[in-house]
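Me: I would like to learn how to read a protein model feature by feature. Could you walk me through this one?

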Amino acid sequence: MTPGAFAALPSQALDQLRAVARTGRWGRGGLLFHPEDPAETLYLLTRGSVRLYSLGAGAREVTLVVHLEGELVGVQALRPGQTYDRYAECADDTEALMFSRETLERVLRDSPEIAQALTEQIVSQTASLQGRLAGLVFHEVSQRLALTLLDFADRQGDWDGEQPFALQDRLSHQELAHIVGSTRETITKLLGEFRNRGLLDLGYRRIVLTDREGLLEAGREPLR
């Protein structure tokens, strides 16, 4: 369950979480839930990643966020009588600890440490989502792509920029387009430009970041 707020829990608290949870496994493209499903289960990702999306005009998929290892999916389950109101699709082979609302309420009541970790994780994810939504308004596509790549690196570990950093998730150009709010053709072109500038290296569904300062600059200013 690393990284994320839950990674800082003592081993005893982690063992307590695992003991009361069910474990779910899904292949790439599997759905954890649909919008109309009753929100009865909270998911804590232990492997893989999950894309939350809604359907816009013309059944166009609008990606809201991509959750990584150590993050929570389906926080609507914390409130009775809710539905999930969106799709949750696995972007890779994925595993998660699954908690019913009743089980979670009991664990939170018995363990202040777990309750604090849950709160910290929700606050972190909310801040990340707010930052992404602000980026969609104020940044151009090249800036959003650079910031998205840096965000993935920061959420997967501490990248100091001294060595290349391989993103764990096997993101396709289409998936990045969903996340950034652009088209696959534009993302392919921009990734090629980033590679030409030495900011990253590309393989099949594989992205290796090579220049942290260059990506930070690309996030501040649109490509010229």
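Me: Let's start with strand pairing: how many bridges join strand S2 to S7?

Reply: Two strands pair if DSSP finds at least two bridges between them. Strands themselves are DSSP runs (E, at least two residues), as helices are (H or I, at least four), and both are numbered from the N terminus. Here S2 (residues 31-33) and S7 run antiparallel and are joined by two bridges. Within that pairing, Leu31 faces Glu89 of S7. A word on the source: this is a predicted model, where local features need pLDDT of at least 70 and side-chain atom pairs count only at pLDDT 80 or more, while totals for chains, interfaces and linings use all residues. Residues are numbered from 1 along each chain as its sequence is written, and side-chain values use heavy atoms, with hydrogens and water left out.

Me: Over how many bridges do S4 and S7 pair?

Reply: Four bridges, again in the antiparallel sense. In this pairing Leu52 stands opposite Ala88 in S7.

Me: And how do I read the sheet that contains S1?

Reply: Look for the strand order. S1-S8-S3-S6 is an open sheet of four strands with antiparallel pairing. Strands S1 (22-26) and S6 (72-73) are at its edges with a single partner strand each, so one side of each has no neighbour in the sheet. The antiparallel pairing of S1 with S8 (residues 94-100) has five bridges, and Arg22 is found opposite Met98 in S8.

Me: Now the rings. How many aromatic pairs does a search of the whole structure find?

Reply: The general idea is that rings of Phe, Tyr and Trp (its six-membered ring) pair if their centres lie within 6.5 Å; planes under 30 degrees apart are stacked, over 60 edge-to-face, and the rest tilted. The search finds five such pairs. In one of them, Tyr53 and Tyr87 have ring centres 4.9 Å apart and planes at 15 degrees, so they are stacked. This pair links distant parts of the chain, since Tyr53 is in strand S4 (residues 50-55) and Tyr87 in strand S7 (residues 87-90), 34 residues apart.

Me: Are Tyr53 and Tyr87 buried or exposed?

Reply: Buried means under 20% relative accessible area, exposed over 50%, and partly exposed in between (1.4 Å probe, protein chains only). Both Tyr53 and Tyr87 are buried. Another pair, Trp159 with Phe165, is tilted, at 6.0 Å centre to centre and 35 degrees between the planes. Trp159 counts as buried at 6% relative accessibility, and Phe165 counts as buried at 15%. Elsewhere, ring pairs link Trp26, Phe33, Tyr43 and Tyr84 into a cluster.

Me: Which residue lies over the face of Phe152?

Reply: A charge sits over a ring if NZ of Lys or CZ of Arg is within 6 Å of the ring centre and within 35 degrees of the ring normal. For Phe152 the residue is Arg155, at 5.5 Å from the ring centre.

Me: What is Ile114 in contact with, leaving aside its neighbours within four places in sequence?

Reply: Contact means heavy atoms within 4.5 Å. Ile114 lies in helix H3 (residues 112-138) and counts as buried at 1% relative accessibility. Beyond those sequence neighbours, Ile114 touches Phe6, Leu9, Ala13, Gln16, Leu17, Val107 and Leu108. Ala13 is 101 residues away along the chain, yet the C-alpha atoms of Ile114 and Ala13 are separated by 6.9 Å.

Me: Where do Asp85 and Ser182 sit?

Reply: Asp85 is in the loop between S6 and S7. Its phi is near 65 degrees, a positive value in a residue other than glycine, and at 45% relative accessibility Asp85 counts as partly exposed. Ser182 is in the loop between helix H5 (173-180) and helix H6 (184-196). Ser182 is buried, with a relative accessible area of 19%.

Me: Finally, how many helices and strands does the protein chain have?

Reply: Seven helices and eleven strands. Buried residues account for 46% of its 224 residues. Of the contacts between residues at least 6 apart in sequence, 72% join residues at least 24 apart.
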